[in-house]
Amino acid sequence: MKQALIIALFAAFTALLPLFIGEENPYIIGIMISVLMMAALSSAWNIIGGFAGQFSFGHAAYFGAGAYTTLILIYSFELNPLIGAAAGMVVAALIALITGSIVFGLRGHYFALASIAVAEIIRLSVLNFEFTGGAQGILLANVTLWGLDLNSKTPFYYGMLLLLVVTLTVTEYLRKSKTGYYLQAIREDQDAASSLGINLALYKNRALLISALLTSVAGSLYALYIRFIDTSAVLDLRLSIEIILTAIIGGVGTLWGPVLGALLLVPLAEALRSNMIGDALVKLGLVSETSSVGIFLNDNLAHAHVLVYGIITVLCILYLPKGILGLFRRVK
Amino acid sequence: MSEPILKINKVSKHFGGNIAVSDVTFAVEKNRIFGLIGPNGAGKTTLFNCMTGFVPITSGEVIFNNRKINNLRPDAVCRIGMVRTWQRVKPLSSLSVLDNVMVGAFAITGSAGAARKIAVEKLAQVGLADYSAKLAGSLSIGLKKKLELARVLATRPEMLLLDEICGGLNHTETASILQLIRDVREEGTTILFIEHDMKAVTSICERIVVLNSGVKLAEGTPAEITSNPEVIAAYLGGGFDA
Amino acid sequence: MLFLQALVSGILSGGVYALAGIGMSLVFGVMNISNFAHGDLMMLGMYLAYFAFTLLHIDPYLALLLIIPVSFLFGFILEKVFIHRVIDHPHQNQILLTIGLGLIMSNTALLAFTSDPKILTTTYSSSAINTASGLSISVPLLLSFVITSVITAVLYLFLAKSSTGMALRATSQNREAAQLMGINVAKMSAIAFGIGTALAATAGALIAPTYYIHPLAGHSFLLKSFTICVLGGLGSVVGAGVGGIIIGVVESMAATYISTDWKDVVVFVLFLTVLLFRPQGLFGKKGGQ
């Protein structure tokens, strides 16, 4: 109950934020949408990765399933975006069930490996098929839904927020229910879990399915928001890794860890990508813009955010494997 | 003689060329405390693994409540009422003691409230009530064994398979666990008991099967077993405290 | 004829895959770690060969004499500094750590060498032997196959006969028991990781003359190496050798009879099929449960 209240307060606070930032600040709103999206993605991943302890390294597949199905149905058949999103969930569910039925009878490294293989098969197929736009991707000029202006950022801000709140609520509900207990038992010890009557494959599949459905909705929202997708944006292994990393940094298997991780990582990536850090160093007078260091930073820092992710991953696994929230979780 | 709840019929288990269990047959009557003993490597734990679906049987049958259960998965075996503990305890380490027992209770209820109620009850029964909020991984070995017991009891088993539940415990702890087992039997549960500690086995079991190198060596009452020359030669040579 | 050509090309390129697969399998066997930086280590081998050729004017095959010890040392240090600290961690932490190390390597390469692909052109890069029956055999592929075979044979003898090799195998069989028998398993881990790295770098160097050299070039080889390992049975060195050849042939057949675009998809589908029907691999004993 306590957590439900905190989720409600979080939702109300975040819903009011744009009123203070205002429409005239689309850049900030854009970053906030990215934060909400990554928080939702990472929270959805947390259900299978954090609670059931089954690390999926292929969640981009479910994101891509939502994104591609939605845009293809609008682009080729002029269907309503909501139908597209629903169809995306069906596709994601199929991928999840196929992956699950192949690997959930196995243990250890296999799920991680198979989840990557499935995601790669989907990425390469999308790249090679014509109806998916191949390497060019899909560009959509205009989307409308019930007369709502989908060219503005506001609907997507609230869309992503709603998805995040739903994901957090589902997580909290699961955590308090039989399924949540069973998932955590599976994470802790599979032999003990199955000796206590837990059908391992059934519960893992259930968790993966829920996680995949939520992830696919995020993909649909993203596709409608950006209106351009290609495999490197929505199906790349790097996206899968970013999703995991966000959860790891915040705290795997905790309700708020993924949200915290997204609040830290997304702005950091954005600051690197937009050269904000380089500019700040110049403004502070630490580095001269025309010096060789300044030029190097200016040329390269924008590409360095993946390098920084790599460094953070290594440091995090070595020094903070339970994430930031793990530091505060005390033995009662 | 009451009707047997469990029948082990010519069960064998081979690992490649190794014969871990060979042609073992015995039956456990309802509501008994039945002992399964033998030196290290006799095949006791392998037999447990076979009975509970963790490893497939090479040949023979396991019959529980007149139903052949050879091919059931471990979780299904639990759901029909036969539940095991582990020689090397398997606590769900980063969950609380209460949550551990709730996981067991969810085998018989879908409601978290009901599961919590059962868990509280079972924790009180084994004397772990004060530890409810502690993380399972932080308990001492003796308390972990009690936790295992509470957890399986929460599934309301018809039959309990206890794999060296007293291993590594001191005399007081052993005595309290044995008393718990007697109480559980009073409530109507049948118990199959693997144990190394001969005193524990002979004091509590009504009937005992002795395994040696995967083969059944003898079966009988504790008195018969302790006076059987073959058993003494194979196992008890060093005295009762082996 | 088409079939025979595809088969021969497949076997020849499979040799290099085998080398990469054996490296990964050895690490998995001895340390029980899935090394997700393996592809990036191959990429480093490619660049080493490239710079040995362009800066030092050493033939890429001759450069192996330099690349093998350098990359062994690199792997050994990598293990001592990073990997050994997660050896008792859950496997997902190990995967993430090696992913992180891989990201650092590939993105450092991206900053240092830019994303422009480099091409290593030797005098024989595109030469081929044409047999009387009309078969065309690429000279660099043939050379790399021969070198691969020699290295595999040496490695096999090392594992079978030398005391270090036997200690490695013992550690792979049962880490705890090996430790009890007085084997320094920590050292064995570092040696295994060093050998694994050296094999990956060698595979990278061997394909450098026939491949675009690019900071992200290793990624497609990562999953291929895993496929090889699973096919051969995780941890089985001989299995990985055979698995490499199989993957080479499958890929070459897929490229010939389906299309080059789909050859990777075919390989990954094969991977899932093996997981579904024979998770212990074609030759492996452990795995599965």
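How many residues of chain B are in contact with chain A, and how many residues of chain A do they meet? The legends below take up this contact and others in a predicted model.

**View 1. The contact between chain B and chain A.** In this predicted model, 30 residues of chain B are in contact with 20 residues of chain A. About 2,000 Å² is buried between the two chains, and carbon and sulfur atoms give 62% of that area. On the side of chain B, the residues that lose the most area to chain A are Leu92(B), Val103(B) and Phe106(B), which together account for 25% of what that side buries.

View 2. Side chains of opposite charge can pair when their charged atoms come close. Across the interface of chain B and chain A there is 1 salt bridge. Its partners are Lys90(B) and Asp191(A), whose side chains meet with an N to O distance of 3.8 Å. Two or more residues of the side of chain B that touches chain A come from each of α2 (74-79), β6 (82-84), α3 (97-105), α4 (112-126) and α5 (141-153) of chain B. Sorted by class, this side of chain B holds 15 nonpolar, 6 polar and 9 charged residues.

**View 3. The contact between chain A and chain C.** Of the 2 pairs of chains that touch, chains A and C have the most contacts. Here 39 residues from chain A meet 41 residues from chain C. The size of an interface is often given as the accessible area lost when the parts come together. For chain A and chain C the buried area is about 3,700 Å², with 79% from carbon and sulfur atoms. In chain A, the residues that lose the most area to chain C are His109(A), Tyr110(A) and Leu113(A), together 19% of what that side buries.

**View 4. The side of chain A that touches chain C.** The count of salt bridges between chain A and chain C is 0, and 1 residue pair is in polar contact. At least two residues of this side of chain A are supplied by each of α4 (81-103), α5 (109-128), α11 (237-250) and α15 (305-319) of chain A. The element that gives the most is α5(A), with 13 residues. The residues on this side of chain A divide into 26 nonpolar, 11 polar and 2 charged.

**View 5. Helices α12 and α15 of chain A.** Two packed helices are described by the angle between their axes and the distance between the axes. The axes of α12(A), residues 257-273, and α15(A) come within 9 Å and cross at roughly 140 degrees. The two helices are therefore oblique to each other. From α12(A), Leu265(A), Leu268(A), Ala269(A), Leu272(A) and Arg273(A) meet His305(A), Val308(A), Tyr309(A) and Ile312(A) of α15(A). This contact has 7 nonpolar, 1 polar and 1 charged residues.

**View 6. A salt bridge within helix α12 of chain A.** Glu270(A) and Arg273(A) form a salt bridge, with their closest N and O atoms 3.9 Å apart. Both residues lie in helix α12 of chain A, where they are 3 residues apart, about one turn of the helix. Over all chains, the count comes to 18 salt bridges.

**View 7. Chain B and chain C.** These two chains do not touch. The nearest C-alpha atoms of chain B and chain C are 10 Å apart.

Terms used:
Residues numbered from 1 in each chain as written. Chains lettered and ligands numbered in written order. Predicted model: local features only at pLDDT ≥ 70, side-chain atom pairs only at ≥ 80, totals over all residues. Heavy atoms only, no water. Contact = heavy atoms within 4.5 Å. Buried area = accessible area lost by both parts, 1.4 Å probe. Salt bridge = Lys/Arg side-chain N within 4 Å of Asp/Glu carboxyl O. Helix = DSSP H or I, 4+ residues; strand = E, 2+ residues; numbered from the N terminus. Nonpolar A, V, L, I, M, F, W, Y, C, P; charged D, E, K, R; others polar. Polar contact = N/O pair within 3.5 Å; in protein donor to acceptor, adjacent residues only side chain to side chain. Axes fitted to C-alpha atoms, helices over the stretch in contact; angles between N-to-C directions. Parallel < 35°, antiparallel > 145°, perpendicular 65-115°, else oblique.
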